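Today I opened a new structure and made some notes as I browsed. Come and look along with me.

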Amino acid sequence: MKVLFVTRTMFPEVHGGGDVSAFEIARAVAKTDGAQAVVCCLSEKISTPIVEVLDGVKVYRFPWKKLKWFPRLSNLEYCYWQLWKNARNVQKKEHPDLVHLLNFSSVFPLAFGFRNVPKVATCNGPFFCLFDGAHGEKPCCKCSWSTIFNESWSRWGVKSVLFLPYILFDSWLLRRALLSCKKLFLVSEAMAHMLSINSIPVKKLVVVHNPVSVPKRGSVRVDADTIVYAGRLSKDKGIQFVIRALPLLPDVKFIIAGKGRFEGELRELVNDLNLNHRVEFLGFMDSKKLRSVVARAGVNVLLGTVYEA
């Protein structure tokens, strides 16, 4: 069997955990007897397409073109169109028996594009939460129109007149795309519940929790009083809860590795609680440096307020 994996980016170009998991899943398939793994992805570091083999996985990388005046479209719609176009070309060349869509950004723009081959998807995002971190376990699709309008207005003001219809259409389109997949592999029971109450058949849902790779510490000295978080800095990751808990843990230091739009609010929270001497922001780190930081920590936390917990 030949499986074509489609993902926006992939290891070693790491933007988040999904890029690493995409490679690990493809590599596991490549090591299976009688199976072949092919990956189609985009890259910000190349100007012409390349084909390479990484640990038995054949990887097609295509340039990720950007729109100078429309950065949001470059990361979303224009990016999806590029990925869809290139993935279709790879499909025609490789003739896969199965298409595996990786990460939520690959699902809804691509699920309609492979009608002659079975599709499955690994989903790792809060699909039906239209507003980042707004509603806890309750997906926005189940909210009243007044609740959605009020949330939109509080975030965007008059711009919500443009944003709200787009977001609602986006959510509807994603639901249709998910229904077109034979199986959906989810990272938590919370996500399975979220999709099931949004009319996605339970028989399609399979929960596969995120794996945890435990590095060998060797002779590394471990600081038992250090907590490390590594990942995207966003409200739904729950980093703020660790910061708020630090006053109850007087000898503990918290190290945050990563970047994101929520960093400013996290720094304000640290200042408000007078914890600057105990919380350290390291920014984005390459995998080699990050492994060193993680290996020295007494505790590594994997946080999530909605869909990853």
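Before turning to the sheet, I noted what pairing requires: two strands pair if DSSP finds at least two bridges between them. I also kept in mind that this is a predicted model.

Entry 1: I looked up an open sheet of 4 strands and found the order 11-10-9-12, with parallel pairing. Which strands are at the edges? I found strand 11 (279-283) and strand 12 (297-300) there, each pairing on one side only. A reminder to myself: strands of a sheet pair through backbone hydrogen bonds, either parallel or antiparallel.

Entry 2: I picked strand 9 (residues 223-230) and strand 10 (residues 253-257), which pair in the parallel sense over 5 bridges. For Tyr229, I found the bridge partner Ile256 in strand 10.

**Entry 3: a helix across the sheet.** I followed helix 10 (residues 287-296) and saw that it lies across strand 9, strand 10, strand 11 and strand 12. Helix 10 runs at about 100° to strand 12.

**Entry 4: a lysine.** Next I went to Lys2, which sits in strand 1 (residues 2-6). Is Lys2 buried or exposed? I call Lys2 buried because its relative accessible area is 15%, and buried means under 20%. Then I listed the residues in contact with Lys2, leaving aside its neighbours within four places in sequence: Gln36, Val38, Glu94, His95, Pro96, Asp97 and Leu98. With Glu94, I also found a polar contact of 2.9 Å between the two side chains.

Methods:
Residues are numbered from 1 along each chain as its sequence is written. This is a predicted model: local features need pLDDT of at least 70, side-chain atom pairs count only at pLDDT 80 or more; totals for chains, interfaces and linings use all residues. Side-chain values use heavy atoms; hydrogens and water are left out. Helices (H or I, at least four residues) and strands (E, at least two) are DSSP runs, numbered from the N terminus. Contact means heavy atoms within 4.5 Å. Axes are lines fitted to C-alpha atoms, for helices over the stretch in contact, and angles run from 0 to 180 degrees between N-to-C directions. Buried means under 20% relative accessible area, exposed over 50%, partly exposed in between (1.4 Å probe, protein chains only). A polar contact is a pair of N or O atoms within 3.5 Å; within protein, one must be able to donate a hydrogen and the other to accept it, and residues adjacent in sequence count only if both atoms are side-chain atoms.
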